[in-house]
Amino acid sequence: METYGIEKNVDVIEYFSSYHFLGFDVKYKKYLIAVRPVEPKDEYKSLKRMINAYTNQEGQITHIVIGVEGQRANYTVVVEVKTGLVKFVDDEKGKMKKIALSLEEFIRGWELVL
């Protein structure tokens, strides 16, 4: 994670180094979310592609994409690196909305969609 200038955030590091899965859909509260894959052999290559859109002027990564809200195609699900907040980003308006206080809270609230 240091390679990409990500501040140390234990939840983010554990998410990308402990969990290995292909993409799947979850229900979180009233939302349907397509969770992006986390592949062990990827070695953060796809992570680098995902974070380019969320790099500030100093070159630090501010948010990491972890999914897309399925009912509103323009909502991306991100984790704010500094705080660990999970948010929706309205890609059309550029606005953010907090949906969970942490990755742990977000994951604990998942209901798998079959």
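## Salt bridges, a lysine patch and a loop contact

Lys87 and Glu80 are joined by a salt bridge whose closest N and O atoms lie 3.0 Å apart. Both partners, Lys87 and Glu80, are buried. Please keep in mind as you read that this is a predicted model.

**Overall architecture**
- The protein contains three helices and seven strands.
- Following the sequence, these elements come in the order α-β-β-α-β-β-β-β-α-β.
- Buried residues make up 42% of the 114 residues in the protein.
- The accessible surface is about 7100 Å², and carbon and sulfur atoms contribute 50% of that area.
- Among contacts with a separation of 6 or more, 44% are between residues 24 or more positions apart.

- Arg108 and Glu104 form a salt bridge through their side chains, at 2.9 Å from N to O.
- Helix H3 (residues 103-108) holds both Arg108 and Glu104, which sit four residues apart, or about one turn of the helix.
- Arg108 counts as exposed because its relative accessible area is 67%, a value over the 50% cut-off.
- Glu104 has a relative accessible area of 45%, so this residue is classed as partly exposed.
- For contrast, look back at Lys87 and Glu80, which are both buried.

**The positive patch**
- On the surface, Lys29, Lys30, Lys97 and Lys98 come together as a patch of positive charge.
- One of these residues, Lys30, belongs to the loop between strand S1 (24-28) and strand S2 (31-35).
- With a relative accessible area of 61%, Lys30 is exposed.

**Gln71 and its contacts**
- Gln71 sits in the loop that runs between strand S3 (63-69) and strand S4 (75-80).
- The relative accessibility of Gln71 is 53%, so Gln71 counts as exposed.
- Leaving aside residues up to four places away in sequence, Gln71 touches Lys30, Tyr31 and Leu32.
- Gln71 and Leu32 are separated by 39 residues in sequence, while their C-alpha atoms are 6.3 Å apart in space.
- Lys30 therefore links two topics here: Lys30 is part of the positive patch, and Lys30 is also touched by Gln71, with the exposure of Lys30 given as 61%.

Terms used:
Residues numbered from 1 in each chain as written. Predicted model: local features only at pLDDT ≥ 70, side-chain atom pairs only at ≥ 80, totals over all residues. Heavy atoms only, no water. Patch = residues over 30% accessible without salt bridge, like charges linked within 9 Å, V, L, I, M, F, W, Y side chains within 5 Å. Areas by Shrake-Rupley, 256 points an atom, 1.4 Å probe, with all protein chains shown as cover. Salt bridge = Lys/Arg side-chain N within 4 Å of Asp/Glu carboxyl O. Lys, Arg positive; Asp, Glu negative; His and termini not counted. Charge placed at Lys NZ, Arg CZ, Asp CG, Glu CD. Helix = DSSP H or I, 4+ residues; strand = E, 2+ residues; numbered from the N terminus. Buried < 20%, exposed > 50% of the residue type's maximum accessible area, 1.4 Å probe, protein only. Contact = heavy atoms within 4.5 Å.
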